[in-house]
Amino acid sequence: PILCSHPLFYFLSSRFVSVPTVLYIFKGRAGQEHLQWQMKVMHTRVFGQFAVISMLLTLMGFKEYMDRNGKYITEVDVQARVAQMQESRAELLMRLQRDRIEAERIAEKRRVAHEADLKKNAAKGMVKSA
């Protein structure tokens, strides 16, 4: 199933099957002595085209089937995917905790700075009124 997902598979398999098929058809025509060589080539071309097109349609049908249904997933693939998802979840939770702590630290700095500003403004207000 993994091999079928590779595009080169379809290219090579069509070549490896089509060429011997056409050669086999030509060899079958060689036994018919009443046909001239040009007619043997013409028959080979016609029958070869039919055979190759039929094989390509079958191959593309198989490819479409594999594209729609996806690759077959083994238990090992499922377990690896589950482990990866759990690791990603743990990393996300750790990042959220770190961000929450950072936000609290920034909020505390702002609160302290705000209180310092209020005290500073209150001290300025007392100095002006005196």
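E91 is partly exposed, with a relative accessible area of 42%; partly exposed lies between buried (under 20% relative accessible area) and exposed (over 50%), using a 1.4 Å probe and protein chains only. E91 forms a salt bridge with R95, and their closest N and O atoms are 3.2 Å apart. A salt bridge here is a side-chain nitrogen of Lys or Arg within 4 Å of a carboxyl oxygen of Asp or Glu. R95 is partly exposed too, at 37% relative accessible area.

This is a predicted model, in which local features need pLDDT of at least 70, side-chain atom pairs count only at pLDDT 80 or more, and totals for chains, interfaces and linings use all residues. Residues are numbered from 1 along each chain as its sequence is written, and side-chain values use heavy atoms, with hydrogens and water left out.

**Overall layout**

The protein has three helices and zero strands, running α-α-α from the N terminus on. Helices (H or I, at least four residues) and strands (E, at least two) are DSSP runs, numbered from the N terminus. Of the 130 residues of the protein, 12% count as buried. The accessible surface comes to about 11,200 Å², with 66% of it belonging to carbon and sulfur atoms; areas come from the Shrake-Rupley method with a 1.4 Å probe, and for residues only the protein chains shown count as cover. Among contacts (heavy atoms within 4.5 Å) between residues at least 6 apart in sequence, 49% join residues at least 24 apart.

The mean pLDDT, the predictor's confidence in each residue from 0 to 100, is 84 for the protein, and 86% of the residues reach 70 or more. Among the elements, α1 has the lowest mean pLDDT (78), while helix α3 (residues 75-129) has the highest (91).

The salt bridge count comes to four.

| Pair | Closest N to O distance |
|---|---|
| E91 and R95 | 3.2 Å |
| R105 and E102 | 2.4 Å |

E91 and R95 both lie in helix α3, four residues apart, about one turn of the helix. R105 and E102 are separated by about one helical turn because they are three residues apart in helix α3. An α-helix has 3.6 residues a turn, so residues three or four places apart point the same way. R105 is partly exposed at 39% relative accessible area, and E102 is partly exposed at 33%.

E115 and R111 also lie in helix α3, four residues apart. Salt bridges that share partners join E108, R111 and E115 into one network. The relative accessible area is 36% for E115 and 39% for R111.

Helix α2 (residues 37-69) has 33 residues and reaches 47 Å from its first C-alpha to its last, close to the 48 Å expected at 1.5 Å a residue; the expected span is 1.5 Å times one less than the number of residues. Buried residues of α2 include K40, T44, G48 and L59. T44 has a relative accessible area of 6%. Leaving aside neighbours within four places in sequence, T44 is in contact with V22, I25, F26, R29 and Q49.

V17 is found in helix α1 (residues 7-30) and is partly exposed, with a relative accessible area of 39%. L12, F16 and V17 form a nonpolar surface patch with about 280 Å² of accessible area together. Patches are made of residues with over 30% relative accessible area and no salt bridge, like charges being joined within 9 Å and nonpolar side chains (Val, Leu, Ile, Met, Phe, Trp, Tyr) within 5 Å.
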